[in-house]
Amino acid sequence: MGLFQDRKQAALEKALRVGDLEKFQLALKNGARADAPVRRSHYTIFETACNTRGRHEFISACFNENLTNPDPRRKENPVTHEYPIHLAALSMDKDNLTALLAGCPELSTVVEQKYKDRTALFLLFERLNSSNFAKGTDCIKVLLDNGANINTYNQHKFTAIEMLLRGKENWRKKILQYFLNTGNLPEGDGTRLQMFLLLLETNRDQEFIAKFEANSEPFTVEQTRTLLTTAITHDKEQMVRKMLEKETNIGEQKTLLAHSLSMCCKYGKNRILECLLKEITQDVDEVINQSPLLSLLTKQINGNSDKQQCGYFKCMEVLLEDKRANVNQTDKQGFTALHYAVKFRLEHVQEMLLTNGAYLGGEDLFGRALICELNPYLLYQHLNRCVTDNGTSPDDQDYKIKLNFSNFQSPTRSDEMLPIVRLAQSSAGRELLGHPVIASILLIKWLRISVFFYLNLFLCSMFFFSFTVFMVLYYGTDSHNPNMWYSLVFAFLGLAYITVREVTQFVLNTRSYIRSAENYIELLLIVSAMTALTLHFTTR
C-alpha cells in the first residue's frame with residue numbers, strides 16, 4: 001500500500017472514529033477501502049462501523065460507495081471468525097442492524113450465520129441484562145423481522161428462549177410478553193414447549209390451562225418434567241395438578257409424581273407438596289420414598305433462618321405428617337436426614353426427626369456413631385418426651401407409663417442395643433445410660449437373655465470345676481480310675497459346649513469376633529484344655 005493510499009485509509013479511520021460522515025464519504029470517493037483492516041486491530045473499517053453504536057449511516061455509506069462486491073455481510077473475520085451480523089448485534093444498536101440488513105439478498109442465510117455455534121440472535125440473548133434489555137429487545141425485533149429463528153440453539157443445545165428463562169427478573173418477563181403478544185414463534189414441537197413455558201413465566205394461567213387441555217399432541221415425559229419444574233418454581237399449584245391429571249400411563253405418572261415431589265422439596269414449595277401428598281393414592285404411594293426427600297430438605301435448611309418462615313422446614317413438617325414417608329430413608333451415600341441435621345448442627349430439625357422416630361444407630365463415613373454426635377442435652381430432652389402416661393392420676397390403679405423406643409429400632413435389623421452400646425462407649429453420653437428409656441430397654445433385653453446367661457454360666461462353671469478337679473487329682477494317673485471319669489465326662493461336655501459357642505459366634509459375626517480380645521483368651525483356654533487332655537491319654 002502506497003503513501004497516498006495510507007493517507008486515505010488514515011483519513012477514513014479518523015472520520016469513522018470521530019463520527020464525521022462527510023469526511024468518511026469523501027475518503028471512500030477518493031479510493032479508501034472500507035474492507036481494509038484498522039491499524040493495530042483485527043477488524044476492518046466496515047466491521048468496526050458495525051460494532052460501534054450510532055454508525056448506521058457509515059454502514060450505509062460503505063454499501064453506497066464501493067463495498068458491494070463481494071458482499072461484506074458474508075465475509076468471516078479470519079482472526080476472530082465473527083461475521084458483521086454478530087458485530088452489529090453486539091453493538092446493541094437496532095439502526096446498525098437495519099442498515100446492515102437493508103437490501104441484503106438471501107437475507108435468511110445472513111441472519112443465521114454462526115459464531116462459535118451461536119447466531120446473532122443467540123448472542124443478544126446471552127448478553128441481555130437489566131441495563132441493556134430495552135436496546136437489546138429492539139435489536140431482537142429487527143432480527144426476528146428479518147427472519148431470525150427464535151429456536152436457534154448453541155453448542156450445548158440450549159435455545160435462546162431457554163437462556164432467557166434462566167432468571168426471574170421483570171425485564172425477562174417483558175421480553176417474553178412481547179413474544180407471546182406477537183406470536184413470533186415458529187412452528188415445531190420445541191416451540192410448542194417454549195410457548196407453554198412462556199405462559200407459565202408470564203402468569204397467564206387461564207391461557208395455559210386452555211391451551212394445555214386443547215393440546216392434541218402429548219408432551220414427552222422429559223418435556224412434561226420441564227413444564228412441571230417451571231410450574232413448581234412459580235407456585236402454580238393448579239397447573240401442576242392439571243399436568244399430572246392428564247397423564248394416564250401409570251408408570252409415567254409415577255415418574256412425574258416422584259419428580260414433582262423432588263422439585264417441591266428442592267425449591268421449598270410446601271403448599272404444592274401438601275396438595276400432591278393428599279392426591280397420591282395407595283397404588284402409587286411408593287413414589288413418596290423413591291427419593292430421599294427428607295435428606296434433600298435438610299441439606300437446604302439454613303440454621304440461622306426462622307423455621308416458621310423457612311419453606312424447606314415447612315416442607316419437612318408436611319412430609320413427616322404423612323405417615324407413608326420413611327424418616328430413615330437413605331441417600332446414595334447411605335446417610336439419613338438425621339445424619340445431615342447433625343452434620344449441619346440443625347437442632348430444630350434434629351428434634352423434629354427424633355420426634356418422628358429417626359433411628360439413632362447410624363454411622364457416618366468414618367464409623368462415628370450418630371448418637372455420639374448429638375448434643376447430649378438435646379438427646380436428654382428428647383428421651384424425656386419419650387416417657388408419657390395414659391393421662392390418669394398416679395394414684396389410680398389404671399395409671400400406666402408409656403415408653404417410646406422407636407429411635408432405637410433399626411429399619412434394617414432387629415437390634416435395639418447398637419445405639420446404647422455406642423453411647424456407652426462415649427464419655428459424654430454415659431450419663432444417659434441411667435435414663436428410664438434406656439434403662440427399660442436394658443431391662444427388657446436382660447429379661448430375654450437371662451435364661452441363656454444363667455445356662456451359659458452353669459455350663460461354663462461345670463466345665464471349669466470338673467476340669468480343675470481332673471487336673472488337680474487325676475492328671476497323669478491311671479486312666480482306669482473310675483472316679484476320674486466322673487470329672488472327665490462333665491469336662492468333655494463343658495469343653496464341647498464352649499467350642500460350639502465360639503464357632504457359632506465366629507460364623508454369625510466374624511468382624512466383631514476378631515476384634516474382641518476376650519475371644520482370643522477363650523480360644524487359648526480351649527486349645528490348652530484339649531492339649532492337656534490329649535497329653536494325658538497319649539503320654540505314659
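Which classes of residue, nonpolar, polar or charged, make up the lining of the largest cavity? I started my notebook there.

**Ground rules.** I am working with a predicted model, where local features need pLDDT of at least 70, side-chain atom pairs count only at pLDDT 80 or more, and totals for chains, interfaces and linings use all residues. Residues are numbered from 1 along each chain as its sequence is written, and side-chain values use heavy atoms, with hydrogens and water left out.

**Entry 1: the cavity.** A cavity is a set of points, on a 1 Å grid over the protein atoms alone, where a 1.4 Å probe fits but cannot get out. Grid points are joined across faces, edges and corners, and the volume is the space filled by probe spheres set on the points. I found one cavity of 30 Å³ or more. The largest cavity holds about 50 Å³. I then listed its lining, meaning residues with an atom within 4 Å of a point. Among them are Ile 288, Asn 289, Pro 292, Leu 319 and Gln 329. By class I noted six nonpolar, four polar and no charged residues. Here Ala, Val, Leu, Ile, Met, Phe, Trp, Tyr, Cys and Pro count as nonpolar, Asp, Glu, Lys and Arg as charged, and the others, Gly among them, as polar.

**Entry 2: the cores.** Next I looked up nonpolar cores. Such a core is a set of buried Ala, Val, Leu, Ile, Met, Phe, Trp, Tyr and Cys residues joined through side-chain atoms within 4.5 Å. Buried means under 20% relative accessible area, exposed over 50%, and partly exposed in between (1.4 Å probe, protein chains only). The largest core has 72 residues. Phe 208, Leu 261, Met 316 and Leu 353 have the most contacts inside it. Helix α16, residues 250–267, gives the most to this core, with seven residues. Helices are DSSP runs (H or I, at least four residues), and strands are too (E, at least two), numbered from the N terminus. I also noted a second, separate core of 54 residues, including Tyr 83 and Cys 139.

Entry 3: What does Leu 353 touch, leaving out residues up to four places away in sequence? I counted contact as heavy atoms within 4.5 Å. Its partners include Met 316, Leu 320, Val 327 and Ala 358. Met 316 and Leu 320 are also among the buried residues of helix α19, residues 311–321. The buried residues of α19 pack against α16, α17, α18 and α21.

**Entry 4: loops.** Is Asn 304 buried or exposed? Asn 304 sits in the loop between α18 and α19, and it is exposed, at 77% relative accessible area. Its C-alpha lies 9.1 Å from that of Leu 346, 42 residues apart along the chain.

His 81 is in the loop between α4 and α5. Its phi is positive, about 65°, although it is not a glycine. At 43% relative accessibility, His 81 is partly exposed.

Lys 116 lies between α7 and α8. Its phi is also positive, near 55°. Lys 116 is exposed, at 55%.

Arg 430 is in the loop between α24 and α25. I noted it as partly exposed, at 48%.

Technical notes: On a 1 Å grid over the protein atoms alone, a cavity is a set of points where a 1.4 Å probe fits but cannot get out, and a pocket is an open set with protein on both sides within 12 Å along at least five of seven lines; lining residues have an atom within 4 Å of a point.
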